[in-house]
2 protein chains.
Amino acid sequence: MNTRIVLINTSHPGNIGATARAMKTMGLSQLVLVDPLSFPHAKAIEMAVGATDILENALVVKTLDEAIRDCTFIAGTSARSRAIPWPVISPRELAEKVIHSTSANVAILFGREQSGLTNEELQRCHVHIQIPSHSDYTSLNLAAAVQVIAYELRVAALSQTNTPTQMEWDYPPATSQEMEGFYEHLKQVLIDADFLKPEAPRQLMTRLRRLFNRTQLDSMEINILRGILTALGKPQSKL
Amino acid sequence: MNTRIVLINTSHPGNIGATARAMKTMGLSQLVLVDPLSFPHAKAIEMAVGATDILENALVVKTLDEAIRDCTFIAGTSARSRAIPWPVISPRELAEKVIHSTSANVAILFGREQSGLTNEELQRCHVHIQIPSHSDYTSLNLAAAVQVIAYELRVAALSQTNTPTQMEWDYPPATSQEMEGFYEHLKQVLIDADFLKPEAPRQLMTRLRRLFNRTQLDSMEINILRGILTALGKPQSKL
């Protein structure tokens, strides 16, 4: 399994370097930067100390889509609770989940220094991770948050050597791209049926995303659901 | 119980500020600096962000003795194993020990950025803490090491009050009866659309049950799904 750390719109290159260092101490190597403000940058190299190889191999992309397209399990760090509750787990629960996951590619998303992840980005996630900070002061530094998550992943990996029950599954998990294809199809069918009104969408698609994201669909289930949409949709929406 | 973080001979004031921030996010407040190279310092304030109160209240002393005189349990972080084996525990074990300790004052020692704690300092400790870093690269940043330890202390403190990550949800879970009503409706719509053939049902409903059962639907989601079935189904199947 591959676990990538995805930093979105990072402002301070020093945080990118410190993230690389935090990752390397815990045996992680895949860093993806979505539209960073300044990268490459001397400050990133300085803060990475001996982990410059991670910076050199970092993938820089324009959009979150490019960063997670092939991922089948996506977790996002979030300090706040949201209007629509999403499955929230602790770093330790995340590590357990990742270790026992059948997903080939896992992405863990970290948002902007000031404002974190947007609602739209959070809705791309299967789960949200909340680091149990003190209610008086929740402001973890970005690289410190990566350090905590990476540390839990490492502890879980080390403890895994006494392998607990691995769940067998019949089909591979759906990729992020397959999920987005399904949501697009679903949305179009609901608009055609006049069930979803684009001018007043309310929380409908958000609720449907939350429902299907927390299930971790497999590729066969995606096929079935899209088959149902095609069978039930109006002819013009049969994609 | 009071747990203090003791930094010995810190070279970079930025690390002192980042340590203050790491502590505050995890609800720790007592910082003791043994003979720091530069303190107070603008870089410390900058890196502390909102945790400057911890810097202002930090105790600056000349010797380790002054820092730990009234402590009854002392733990020191150490990357290396020493010539004379010492009790070594993980950050998690440390947190358990501290939480259940009867000591009024606990000190956790962090050494120099380059060279850590001296043998003499390590021998002042009851236990040594080893953060399980990757053998290829063990060089945690000082504040990152504080963050990991402080995080474990907080997780242990929270688990002691017996509050696991409580997930708030907006609607009550669907009852078994609601689930069965939904499956009946779904089945009828799929039969009407000729997608499910009663004479050759294959595993379709089984797969759909597995999908929706493992999600633990809430009552609002059931309403939405049945609304969709009604909107997309043939008129005769609008139950």
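Begin with the second largest cavity of this predicted model, which has a volume of about 50 Å³. To find it, select A:Ile74, A:Arg124, A:His126, A:Ser176, A:Met179, A:Glu180, A:Tyr183 and A:Asn213, the residues that line this cavity. Then highlight helix 8 of chain A, which gives the most to that lining, with four residues. By class, the lining of the second largest cavity comprises three nonpolar, three polar and two charged residues.

Next, turn to the largest cavity, which holds about 220 Å³ of space. Select A:Leu225, A:Ile228, B:Leu225, B:Ile228 and B:Leu229, the closest to its centre of the 16 lining residues. Colour helix 8 (176–192), helix 9 (204–213) and helix 10 (219–232) in chain A, together with helix 8, helix 9 and helix 10 of chain B; each of these elements gives two or more residues to the lining of the largest cavity. That lining has 16 nonpolar residues, no polar and no charged ones.

Now display the interface between the chains, where 57 residues of chain B are in contact with 61 residues of chain A. The area buried between them is about 5,100 Å², with carbon and sulfur atoms giving 66% of it. Select B:Tyr137, B:Tyr151 and B:Leu232: within chain B, these residues lose the most area to chain A, together 14% of what that side buries.

Finally, select B:Arg92 and A:Glu152, whose side chains form a salt bridge (2.8 Å, N to O). Eleven salt bridges are found across the interface of chain B and chain A. On the side of chain B that touches chain A, there are 32 nonpolar, 13 polar and twelve charged residues.

Methods. Residues numbered from 1 in each chain as written. Chains lettered and ligands numbered in written order. Predicted model: local features only at pLDDT ≥ 70, side-chain atom pairs only at ≥ 80, totals over all residues. Heavy atoms only, no water. Contact = heavy atoms within 4.5 Å. Buried area = accessible area lost by both parts, 1.4 Å probe. Salt bridge = Lys/Arg side-chain N within 4 Å of Asp/Glu carboxyl O. Nonpolar A, V, L, I, M, F, W, Y, C, P; charged D, E, K, R; others polar. 1 Å grid on protein atoms, 1.4 Å probe; cavity = no way out; pocket = protein on both sides within 12 Å on 5 of 7 lines; lining within 4 Å. Points joined across faces, edges and corners; volume = space filled by probe spheres on them.
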